[in-house]
Amino acid sequence: MDMNVGLVGLGAGIGAGLAIIGGGGGISRLAAAAMEAIARQPEAAGDIKGTTIITAAFIEGVTLFAVVVCLLLALNTAH
Amino acid sequence: MSLLSILIAPLVALVLQHAPAAPVMPQGQVKPPVAGQPAAKPAPAGPASAEPAQEGVLDKLQEQVEHVEESIEEHEPGEHAEHGKPSPSQIFQTLFKHLEPHAVAAVWFGGSKGVGFVKPYPVDAAGRPLHLEHDEPVGFQSGSELNRYYASGMGGGWGLLIYNINTVQWMAAAALLVVLLLVTRSARRQAGQAPRGNAYHVLESIVLYVRDDMVYPVMGKDVGDRFVPLFLTQFFFILFMNLFGLMNLGHYGGTATANWAVTAGLALTTLLFIHVSGIREHGFFHHWKNFIPHGLPVFLIPLIILVEIIGMLVKPIALTIRLAANLTAGHLVVLSFFGLIFLFGSYAIGVPVLGMSIAIYCLELFVCFVQAYIFTYLSIIFVGASVHPEH
């Protein structure tokens with residue numbers, strides 16, 4: 001019983017960490033592309049900034065789906 | 001229709017919040033911290049054990065008391081022995097309870113008194129609340145508990161629990177009406193001149209942004225003009241609920257949008273807008289036929305229908321979870337930083353914790369605006385796709 005509870009906690013923690021690898025990597029690539037695009041064409045900076053924010057929020061939304069699953073695991077098991 | 005959206009979302013939330021077990025509710029058993037005796041203090045060696053028969057029981061107890069007193073004096077408040085310290089999971093489960101909705105009032109219908117307010121927590125014979133937590137009474141955990149408690153005393157009838165998420169939604173709706181009506185009324189009174197006043201300018205910049213940079217690019221000017229009030233209402237409603245979650249409104253406050261029932265209510269209103277606007281635009285049957293693109297081989301149509309129906313259902317679910325998870329995550333991080341104070345058990349950790357909490361709080365403020373923007377922008381895209389299918 002203790003082993004199972006510990007494994008659930010471990011799974012939740014590792015899951016959250018893996019989720020942030022994907023989310024952080026994706027948003028970093030987005031930011032890099034945005035910087036490059038603004039450097040190439042400074043007058044499009046406003047458009048690019050708006051698109052960057054929206055796309056970053058989408059990626060973060062997907063990451064948070066995984067975080068919600070991990071929270072469900074971690075907080076709904078009897079410690 | 002925009003006023004209808006203010007009414008529909010809280011009603012749907014009222015229905016959904018009575019579903020069992022919201023996702024981020026800790027259900028685990030919280031063990032009370034082990035108090036009292038110090039764990040495994042070794043038996044006093046030396047003179048006491050050498051002459052057990054001669055020293056009476058009282059002397060042995062006296063020595064134990066002195067040992068305990070010495071141990072208390074040795075340790076500073078920050079580094080006490082292991083016995084009194086709560087475990088990390090206990091700390092965080094206790095802190096995260098602040099994110100759960102709690103009942104603030106209860107309405108009883110029927111019974112001997114007709115309609116009236118009843119106490120949302122059980123009381124003992126003297127009228128004092130039975131369960132207290134931090135001097136606040138702990139209310140009923142569900143509507144059925146309320147009904148079971150009061151049905152016999154009131155001679156039948158049925159009760160409804162009002163939670164803090166309900167009151168926050170009403171406060172946000174009231175703030176919407178008050179702010180928008182007051183600001184636009186003062187602007188209209190200065191007809192003929194350029195409007196002045198800081199509140200007007202702030203509101204105007206946001207309203208123009210929603211209209212010119214969110215609705216018009218997606219829907220075009222003529223179609224967009226019909227939907228601008230709708231999305232303005234949705235944007236400001238979500239924004240005010242998010243911002244109220246950052247303020248301390250006492251017992252009646254909380255983050256309404258951090259609760260999946262509230263955001264599901266908002267997402268279901270978006271789903272309603274998608275279908276109602278599509279049906280009003282194209283007629284009932286043609287709206288459903290628009291789900292299938294033209295020029296498709298006939299044998300693919302069942303598959304496409306299945307995929308489109310799944311897509312139609314997944315979009316509001318994604319809206320729900322995105323908004324709820326973003327708002328909850330910020331609060332969880334701030335609460336976790338506060339938990340560090342209890343984990344270390346010292347006062348010195350308070351200063352860096354305060355700094356980190358303020359930094360995350362500023363990030364949360366930014367997230368409030370961005371999430372309201374994202375929710376509204378996605379609603380605009382979905383409604384635009386239903387009004388103008390680009391197949």
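**Entry 1**

I looked up H7(B) and helix H12 (residues 350–387) of chain B, which pack at an angle of about 20° with their axes 9 Å apart. Axes are lines fitted to C-alpha atoms, for helices over the stretch in contact, and angles run from 0 to 180 degrees between N-to-C directions. Helices (H or I, at least four residues) are DSSP runs, numbered from the N terminus. H7(B) and H12(B) are therefore roughly parallel to each other; angles under 35 degrees count as roughly parallel, over 145 as roughly antiparallel, 65 to 115 as roughly perpendicular and the rest as oblique.

This is a predicted model, in which local features need pLDDT of at least 70 and side-chain atom pairs count only at pLDDT 80 or more, while totals for chains, interfaces and linings use all residues. Residues are numbered from 1 along each chain as its sequence is written, and chains are lettered from A and ligands numbered from 1 in the order in which they are written.

From H7(B), B:Met214, B:Val215, B:Val218 and B:Met219 meet residues of H12(B) including B:Tyr377, B:Ile380 and B:Ile381 (contact: C-beta atoms, placed from the backbone, within 7 Å). Ala, Val, Leu, Ile, Met, Phe, Trp, Tyr, Cys and Pro count as nonpolar, Asp, Glu, Lys and Arg as charged, and the others, Gly among them, as polar.

**Entry 2: H7 and H8**

I next examined H7(B) with helix H8 (residues 221–246) of chain B; they pack at about 135°, axes 9 Å apart. That makes H7(B) oblique to H8(B). H7(B) passes H8(B) in a right-handed crossing. The contact involves, among others, B:Arg211 and B:Tyr216 of H7(B) and B:Lys221 and B:Phe227 of H8(B). Its residues divide into eleven nonpolar, one polar and two charged.

**Entry 3: H6 and H7**

I found helix H6 (residues 164–189) of chain B packed against H7 (residues 198–219) at about 110°, with axes 10 Å apart. H6(B) and H7(B) are therefore roughly perpendicular to each other. B:Val183, B:Ser186 and B:Ala187 in H6(B) meet B:Ala199, B:Tyr200 and B:Leu203 in H7(B).

**Entry 4: confidence**

I noted ipTM 0.81 and pTM 0.78 for the model. Chain B averages a pLDDT of 81, and 84% of the residues score at least 70 (pLDDT is the predictor's confidence in each residue, from 0 to 100). Over residues 21–50 of chain B, pLDDT stays under 50. Where pLDDT is low, the predicted coordinates should not be read in detail.

How values were computed: Helices (H or I, at least four residues) and strands (E, at least two) are DSSP runs, numbered from the N terminus. Two residues are in contact if their C-beta atoms, placed from the backbone, lie within 7 Å. A crossing is left-handed if the near helix is turned anticlockwise from the far one by less than a right angle, and right-handed if clockwise.
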